[in-house]
Amino acid sequence: MPTQFQSIRKKPDIITINVGGQLFQTTKQTLTLAGSNSLLYTISLSSSNIVPFIDRDPEIFSILLSLLRTSNLPSKAKTIDLQDLIFEAEFYGLGELLVSSLSNPSQFEAFNLERSLVLPLSGRDSPSVISTTDSGSLHVAHGSKITSFDWSLKKKSTILTHFTAVDSLLAISPCLAAAGATDFSGLQILDLKRGFVRETLNWENQTKSDCTVQAIGSSGNHLFTSFESGRRNSNTIMVFDMQDSFSPVSEIAHGEIFGAELDSAIPATKLQWVPGYNLLMAAGSHGGPSGVMGNIRLWDVRSGNVHWGINEKIDCFSDVTVSDNLSAIFKVGVSSGEVYFADMRKLDAVNPWICLGDGRKGLFKGKKEGAGCKIESHGNQVFCSKQGDVELWSEVLIGSTRDYEDELDERVFRKNVIGRMKDSGQSRITNLGFGGNRMVVTRKDQQSVEVWQSASKAY
Amino acid sequence: MEGQNSHLTCETQARDRIKLNVGGKLFETTVWTLLSAGPDSLLAALSARHQDNEDPIFIDRDPEIFTVLLYLLRTNRLPSTARRFSKQELTEEALYYGVESRFKLAILPPPLVGIDASLIETIRPASDGFPTAFTAGAGDGSVWIAHGGQISGYDLNLMHAGTIRTHLNSITSIRRVWPEVAAVGSNFAAGLHFYDFSSGRHIGSTHWTDSTDPRIYKAKVYSITDSSNSVFASFDCSHRENCILQIDKSTLKIASEIGRLPGNSTKTVVPRKLTFLAEPGIIIGSSVSSGAFGFSGYIRIWDPRSGVMVWETNEPGSGRSSRFGDSFADVDVEVEESTMFKVCSKSGDIGMADLRNLKDDPWIYLEEKNPSLRNMGGEENSVIHCYRKQVFVSRETGLHVWSRVAQSEENIEKRDFERWCYRRNYVDKVEDYKEKGMIRRMEGGGDRLFVSRERVEGLEVWESSDLSGAISVL
């Protein structure tokens with residue numbers, strides 16, 4: 001590129017740095033890319049003629065300079081341990097650049113996931129719940145402990161909590177998480193570095209009894225918590241302000257159970273924020289003598305009104321998720337074990353569910369094919385666990401020329417089973433999570449976490 | 001460290017820069033980095049000399065290892081390239097440059113956290129590999145193992161530092177009383193003996209004698225502990241009379257006799273566990289025996305300056321206690337917090353007592369909230385060991401730990417024990433305890449926990465790690 005060569009003649013733009021005895025030459029523009037908090041940015045500003053000296057390892061600096069020039073790591077970086085790179089990048093203030101080049105959600109390749117890593121956990125408890133952050137750091141609750149892995153999955157730390165077992169966990173930042181349990185009162189905001197409870201959030205209910213946590217969700221600004229009173233006769237969803245030291249903002253979906261009318265107020269056990277629609281999805285179910293019943297609601301958090309809701313009696317969801325990108329709600333039926341979807345733009349239909357499989361299976365109430373299945377949406381795909389396998393559902397986009405002979409529905413979803421032959425037949429999946437360019441999976445009775453990513457992206 | 005400005009130098013500090021030529025490879029660093037190695041190191045000495053000469057200083061050593069050590073000086077951590085070299089090589093090279101203290105700090109394991117510890121190594125002495133006793137008393141993570149009549153030392157890298165042979169045929173108690181001196185005793189031979197580890201020589205013996213009582217002879221040693229200037233050992237005669245002798249560390253002469261007991265009942269037998277608590281200056285002795293009717297034992301506390309017993313408890317105690325019949329199977333003292341923990345023989349419960357506020361019944365029982373861990377039942381073969389504010393308890397072959405949930409400093413200061421929330425967790429994984437021997441002894445040292453098992457060769461080393469230990473399964 002001629003423009004780059006031209007700049008050599010303009011001398012002031014070339015900067016020479018001496019790192020640990022080796023001379024490096026680069027341009028002011030390259031160094032500016034490091035960001036204003038970076039040490040390199042400070043160097044790019046200095047106008048003196050003396051070559052600045054940095055007393056650090058030159059080999060690792062050469063790699064970080066390549067990262068700065070191309071925003072990609074050179075292949076020779078693989079000869080150096082990632083931890084060294086992270087440590088040096090932190091020193092130069094290039095930490096975020098390194099994260100975005102190695103663990104970027106945009107590098108997630110749903111069709112190219114391979115079982116690549118197993119993260120062992122100490123002790124004999126198997127993981128109860130996991131939570132991930134965008135950059136790929138991972139928190140795993142097992143027994144009364146929470147183990148946090150950094151975004152590179154190279155380092156871990158473990159803290160002890162007051163809980164016997166954590167049932168709901170949500171990562172707020174790499175070192176802050178909200179945790180709750182169905183047998184413990186209050187939601188705890190935990191400092192994962194030092195193991196302290198930074199804040200305990202409660203629901204001031206009328207009966208003045210304990211309030212257990214059924215589900216946690218977050219919209220980035222607000223933290224949503226589904227509480228149930230200790231006597232299990234009332235429940236609510238509290239909205240807390242995450243920017244303002246978790247002060248309570250409002251209360252939505254308050255429900256009371258009168259007499260034996262258990263269905264009148266089922267606590268939400270799954271909360272999911274749908275940013276595209278500015279709605280909160282809350283879903284809860286319970287098993288009774290007449291089968292599993294539940295409801296799904298979409299809440300307008302500001303007004304506290306239900307935007308849409310459905311009561312589920314036949315083939316109630318075992319798990320449910322909203323895909324913003326696909327504008328659809330997906331559920332896996334507890335009786336049939338089949339995946340259904342409901343188009344967000346056509347929710348007003350009498351039965352919005354369209355079964356992606358054999359819908360007749362759902363009519364047998366006694367069956368529990370879908371019990372324990374998990375469904376999560378990530379990017380343009382929906383992931384559904386069935387026993388030990390993960391199904392990947394994706395939409396096939398069909399052009400405008402539609403032929404009746406194709407027998408295609410209005411929207412076409414197709415599934416794949418992720419993984420190779422050797423990965424199948426393992427024990428039941430208990431959690432699915434997504435962070436950075438990875439999918440994380442936990443299994444029943446396994447004291448470890450599985451990491452799936454495309455092999456070419458694995459460091 | 002001289003601060004962050006040592007890394008980025010401008011013209012004012014240009015003269016502080018120093019060039020080194022190590023084995024043909026050129027390095028450039030600052031005087032401050034080299035000085036941080038310590039005033040006595042070779043590198044600090046070189047940094048003082050450089051002004052008279054502009055040429056790089058030549059050092060005829062391997063440049064690659066120097067890269068590792070220079071990285072250590074610059075950043076205070078070891079680079080991953082250090083793994084290319086053995087710990088032995090690195091230690092020797094660090095010794096050559098005089099940076100061994102920085103090096104030692106960097107290679108030590110992170111703080112021992114029982115809830116996140118794993119078995120990293122089993123030390124196996126070459127012959128007679130069944131440890132009969134061991135001591136991690138140096139506190140730096142090194143350990144001396146007595147196996148049969150030999151003592152093998154392992155340094156802080158857990159590398160074999162040497163083995164000496166003693167005149168005893170089976171050492172059953174050992175204590176490292178000086179950096180190079182071990183006090184050893186045996187249940188099968190009389191006397192307390194001191195061995196110099198570096199020379200392998202016997203340097204002294206102490207026997208319990210009493211000029212007025214000719215029956216006191218050939219007393220055997222059952223347990224050893226030490227304070228900064230004394231060694232305490234419990235001696236037992238063949239007719240079961242026993243006492244604790246305080247022995248001066250420098251002269252190896254008997255200073256005083258404490259707590260003489262007739263030994264005619266289980267409540268007066270020789271203490272099998274001794275702990276010295278430096279803060280109030282007390283010695284705590286305990287003994288537990290098991291028989292057809294369960295466990296019985298005692299805990300006694302003496303003040304060695306006056307030789308007076310200040311507190312005692314016996315179990316099974318009086319029938320008034322709600323825990324009658326659930327006497328302790330083992331006790332241990334938490335030195336850092338002046339507390340004492342016992343494990344009950346029948347229920348397996350853990351009792352905690354405040355050593356600064358001992359009453360008739362000082363025990364506070366830790367509550368088990370985890371239903372899957374509750375009612376684990378008889379802890380007959382339990383061993384309890386307190387280390388770094390955590391309580392490690394073994395049950396047969398399994399190992400768990402009671403640790404405190406992080407709390408505000410205020411609660412800890414106030415010693416408000418009712419609010420100290422302890423949680424029990426397994427330390428071992430399922431594969432770690434199956435088909436293994438019963439845990440016999442545990443001792444913490446440095447940031448390591450050493451565990452010996454019955455009829456199992458070798459000594460297990462448990463450490464915490466901040467590495468995730470991810471296993472690639474691609």
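## Helix H4 of chain B

The buried residues of H4(B) pack against helix H2 (42-49), helix H3 (63-75) and helix H5 (100-107) of chain B. In this predicted model, local features need pLDDT of at least 70, side-chain atom pairs count only at pLDDT 80 or more, and totals for chains, interfaces and linings use all residues. Residues are numbered from 1 along each chain as its sequence is written, while chains are lettered from A and ligands numbered from 1 in the order in which they are written. Helices (H or I, at least four residues) and strands (E, at least two) are DSSP runs, numbered from the N terminus.

H4(B) comprises residues 87-97, and its buried residues are B:Leu90, B:Glu93, B:Ala94 and B:Tyr97. Because these residues cover an arc of only 105° around the axis, they lie on the same side of H4(B); the arc is that of the directions from the helix axis to the C-beta atoms. A residue is buried if 20 or more other C-beta atoms lie within 10 Å of its own, exposed if 12 or fewer, and partly exposed in between, with C-beta atoms placed from the backbone. Just after the helix, B:Gly98 adopts a positive phi of about 75°.

## Domains

The domain bounds come from an automatic or database domain assignment. For chain A it gives domain 1 (2-102) and domain 2 (108-457), whose C-alpha centres lie 42 Å apart. Between them, 4 residues of domain 1 of chain A are in contact with 4 residues of domain 2 of chain A, two residues being in contact if their C-beta atoms, placed from the backbone, lie within 7 Å. Helix H5 (residues 82-92) of chain A supplies the largest share of the domain 1 side, 3 residues. By class, that side has 3 nonpolar, 1 polar and no charged residues.

Chain B is divided into domain 1 (4-107) and domain 2 (114-258 + 313-464). Their centres, taken over C-alpha atoms, are separated by 42 Å.

## Interface between chains A and B

Across the interface, 46 residues of chain A are in contact with 47 residues of chain B. On the chain A side, the elements that give two or more residues are strand S3 (53-54), H5, strand S4 (114-120), strand S7 (145-149) and strand S8 (156-160) of chain A. The largest share, 7 residues, comes from S4(A). The chain A side divides into 16 nonpolar, 17 polar and 13 charged residues; Ala, Val, Leu, Ile, Met, Phe, Trp, Tyr, Cys and Pro count as nonpolar, Asp, Glu, Lys and Arg as charged, and the others, Gly among them, as polar.

S4(A) also pairs with strand S33 (residues 471-472) of chain B, in the antiparallel sense over 2 bridges. Pairing requires that DSSP find at least two bridges between two strands. Within this arrangement, A:Leu117 stands opposite B:Ser472 in S33(B).

## Overall composition of chain A

Chain A contains 6 helices and 31 strands. Its C-alpha trace spans about 85 × 65 × 45 Å along the principal axes. Of the 459 residues in chain A, 46% are buried.

## Confidence

The model scores ipTM 0.88 and pTM 0.90. Confidence in chain B is lowest in strand S1 (residues 8-9), at a mean of 47, and highest in strand S12 (residues 192-196), at 96. Over residues 1-12 of chain B the pLDDT is below 50, and this stretch has 22 contacts in the model beyond near neighbours in sequence. Where pLDDT is low, the predicted coordinates should not be read in detail.

Definitions and conventions
pLDDT is the predictor's confidence in each residue, from 0 to 100.
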